[in-house]
Amino acid sequence: MSTDPNKWVAGHVATLPKSGIRDFFDLVAKMKGQDVISLGVGEPDFVTPWRVREAAIYALEQGKTYYTANLGLLELRRAISKYVAEHFGVEYRPDDQVLVTVGVSEAVDLAFRAFCNPGDKVMFHQPCYVSYHPSVTLVHGTGIAVPTYAKDNFALTAEALRAAWQPGAKILMLNLPCNPTGGTCTREQLEKIAEFCREKDLLVLSDEIYSELTFDGVHTSIASLPGMAERTVFLHGFSKAFAMTGWRIGYACGPAVLVDAMMKVHQYSMMCASIISQEAALEALTHGWDDVCRMREQYHRRRDLVVRRFNEIGLKCHSPRGSFYAFPNVTATGLDEKQFAVELLEKEKVAVVPGQAFGENGAGHVRACFATSYEQLIDACDRMERFVGAKR
Ligand code: PLP
């Protein structure tokens with residue numbers, strides 16, 4: 001008897017939209033071997049520094065091939081605690097306030113599963129990282145998008161939060177600096193947001209994965225502001241600043257009760273992050289800071305290049321204060337962001353991501369990741385100049 005396997009897929013999963021990024025990369029994949037310059041994938045072009053890879057090899061040589069504690073290796077949790085205290089000004093106890101996860105991706109998923117009851121409302125700024133809204137949908141929560149705008153350099157404002165707030169809002173998901181806009185908040189803006197969160201009794205999930213890649217000013221963690229550590233879960237990882245995407249390693253820090261709730265979910269799903277990656281992460285945290293600074297310098301130089309060139313070409317682009325993404329407005333070409341991305345790929349073989357992939361407020365923009373070599377970026381900008389010129 002033949003049967004339709006679709007009937008076994010849960011309804012809320014069947015209706016989950018396909019990521020706009022994936023959609024676009026299917027198109028890019030079809031052009032393999034055609035000299036495409038990809039400004040698409042949000043991934044460092046640097047290989048993980050050698051000392052970190054060596055630490056992983058050494059762990060294997062020592063026969064470290066087993067599970068670790070659910071929370072992660074104590075030595076790594078101690079290093080995380082020290083690093084977060086030194087770099088973000090927040091103290092977390094390694095014993096019960098730090099959880100090592102399989103990337104920030106797992107930490108985000110755990111947080112929503114641990115804190116969201118069906119019907120709970122989660123606020124997040126938009127444009128935003130593609131996984132937040134689907135992760136909320138997967139736990140039967142409701143997302144509330146709070147728009148950010150190019151005129152504010154895509155900083156989230158307390159005014160926008162207040163305007164979007166609805167009764168029943170329980171969580172605010174923050175990502176500063178932001179993927180895809182590179183926008184972040186000044187300390188003053190963050191203080192107003194913190195005040196709003198206290199007033200509305202919101203739990204804050206703060207994904208600070210790009211914080212080390214802050215080019216202008218100093219990064220401030222909302223968790224470090226008065227009265228905020230007790231209502232914030234700080235999410236961070238190694239993928240971006242430490243160039244460790246493939247290692248799948250991140251962490252969550254927060255009030256012990258909240259970390260324990262996330263741990264409960266984690267122990268029945270992932271159990272623990274890979275011990276090899278944990279050993280590598282320990283090396284990265286304890287001896288890898290110079291590498292982070294070296295890579296950040298390169299990203300900074302590249303940011304200045306693409307922002308200058310995009311504006312010269314006529315693609316209005318604010319200067320992202322952090323991350324490795326530029327988010328230019330492409331409407332001057334007479335194309336919408338999808339048409340722009342598809343035609344640019346077909347005609348000049350440069351891949352960028354249409355801004356709508358990051359929510360409807362990304363309309364009119366594309367995301368260009370500058371985590372690729374300076375020479376490639378010059379080539380990509382030349383090609384874009386030719387493309388935009390031909391549209392005039
Ligand atoms: N959070 C943001 C804002 C991201 O941009 C990404 C990856 O692009 C992630 C989380 C996922 O990070 P990880 O590789 O640590 O799972």
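**Overall fold**

Of the contacts in the chain between residues at least 6 apart in sequence, 74% join residues at least 24 apart; two residues are in contact if their C-beta atoms, placed from the backbone, lie within 7 Å. The model is predicted: local features need pLDDT of at least 70 and side-chain atom pairs count only at pLDDT 80 or more, while totals for chains, interfaces and linings use all residues. Residues are numbered from 1 along each chain as its sequence is written.

**Composition and dimensions**

- The chain has 13 helices and 12 strands, where helices (H or I, at least four residues) and strands (E, at least two) are DSSP runs numbered from the N terminus.
- The radius of gyration is 21 Å, close to the 21 Å that the globule rule gives for 392 residues, so the chain is as compact as a globular protein of that length. This radius is taken over C-alpha atoms, and the globule rule is 2.2 Å times the number of residues to the power 0.38.
- Taken along the principal axes, the box filled by the C-alpha atoms is roughly 65 × 60 × 55 Å.
- Of the 392 residues, 49% count as buried. A residue is buried if 20 or more other C-beta atoms lie within 10 Å of its own, exposed if 12 or fewer, and partly exposed in between, with C-beta atoms placed from the backbone.

**The seven-stranded sheet**

- An open sheet with mixed pairing has the strand order S2-S8-S7-S6-S5-S3-S4; two strands pair if DSSP finds at least two bridges between them.
- Strand S2 (98–101) and strand S4 (142–147) stand at the edges with a single partner strand each, so one side of each is left without a neighbour in the sheet.
- From one strand to the next, the twist averages 20°. Axes are lines fitted to C-alpha atoms, for helices over the stretch in contact, and angles run from 0 to 180 degrees between N-to-C directions.
- S3 and S4 are parallel and share six bridges, with Lys-121 opposite Thr-142 in S4.

**Strand S5 and its partners**

- Five of the seven residues of strand S5 (residues 169–175) are buried.
- Strand S3 (residues 121–126) runs parallel to S5 and is joined to it by four bridges; Lys-121 has Ala-169 as its bridge partner in S5.
- On strand S6 (residues 203–207), S5 pairs in the parallel sense over five bridges, and Asn-175 stands opposite Asp-207 in S6.
- From S5 the chain passes through helix H8 (residues 187–199) to S6 in a right-handed β-α-β crossover. Right-handed denotes a clockwise path from the first strand over the helix to the second, with the strands pointing away from the viewer.

**Packing of helices H5 and H9**

- The axes of helix H5 (residues 103–115) and helix H9 (residues 256–268) come within 9 Å and cross at roughly 110°.
- H5 and H9 are therefore roughly perpendicular to each other; angles under 35 degrees count as roughly parallel, over 145 as roughly antiparallel, 65 to 115 as roughly perpendicular and the rest as oblique.
- Leu-110, Ala-111, Arg-113 and Ala-114 of H5 make the contact with Ala-261, Met-262, Val-265 and His-266 of H9.

**Surroundings of Ala-223**

- Ala-223 lies in the loop between S6 and S7 and is buried, with 23 other C-beta atoms within 10 Å.
- Leaving aside neighbours within four places in sequence, the residues in contact with Ala-223 include Phe-88, Val-90 and Ser-206.
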